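Subject: Structure handover

Hi,

Here is the structure I promised to pass on. Please have it open while you read the notes.

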Amino acid sequence: MSVMQQSTKLNTNNISSVVGTGAGFDLMRYYTLPDFLGKDAPYMLYYMGKNIARQTDIYDFDDLYEFFQYMGWGELSLIKEKKKELIFHLTGHIIEKRLNQNLFTVDFRLECGFLAETVQKLTDDTYECFEEINEKENYIEMKAMKG
């Protein structure tokens, strides 16, 4: 008889044993996934981000910001709140490193999917998220728009 493992929601306390430098993840994200999925890789990353958010205990925006930092995704901050959109900036040393390397083209689809799903959970409104890279000032503008 097999024993089914109980599903545990992710949070910064229980994922500490699996968080590393992110180098291995970046190799999978920017090399392996595009090889397997071709042009569908960005869509899959977006939905992977949404899936991770569904498995995560985040109860407020402070938890969200902490989770981004803890995962090595950068420092997330809400810059502007409009009626139908939230504008975030993703900054920090890790963002500068990702933007200034020459090995692969970076995207932030995973982070956008995670942000869209989490904002949806926190506000009870449907959101889609899009990123715009500002290479000159080394930040990512992420717009969460009500759907």
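This is a predicted model: local features need pLDDT of at least 70, side-chain atom pairs count only at pLDDT 80 or more; totals for chains, interfaces and linings use all residues.

Residues are numbered from 1 along each chain as its sequence is written, and side-chain values use heavy atoms, without hydrogens and water.

Four strands make an open sheet in the order β1-β2-β4-β3, with antiparallel pairing. Strands (E, at least two residues) and helices (H or I, at least four) are DSSP runs, numbered from the N terminus. Two strands pair if DSSP finds at least two bridges between them. β1 (75–81) and β3 are the edge strands; each has a single partner strand, so one side of each lacks a neighbour in the sheet. On average, neighbouring strands are turned by 25° against each other, direction ignored. Axes are lines fitted to C-alpha atoms, for helices over the stretch in contact, and angles run from 0 to 180 degrees between N-to-C directions.

Two helices meet these strands. Helix α3 (residues 61–70) packs on the sheet and touches β1 and β2 (85–91). Contact means heavy atoms within 4.5 Å. The direction of α3 makes about 140° with that of β1. Helix α4 (residues 93–100) lies across β2, β3 and β4, at about 105° to β4.

Next, the hairpin. Eight bridges join β3 (residues 127–134) to the antiparallel β4 (residues 139–146). E131 has M142 as its bridge partner. E128 stands opposite M145. Four residues separate the strands, and N138 in the turn has a positive phi of about 55°.

Best regards
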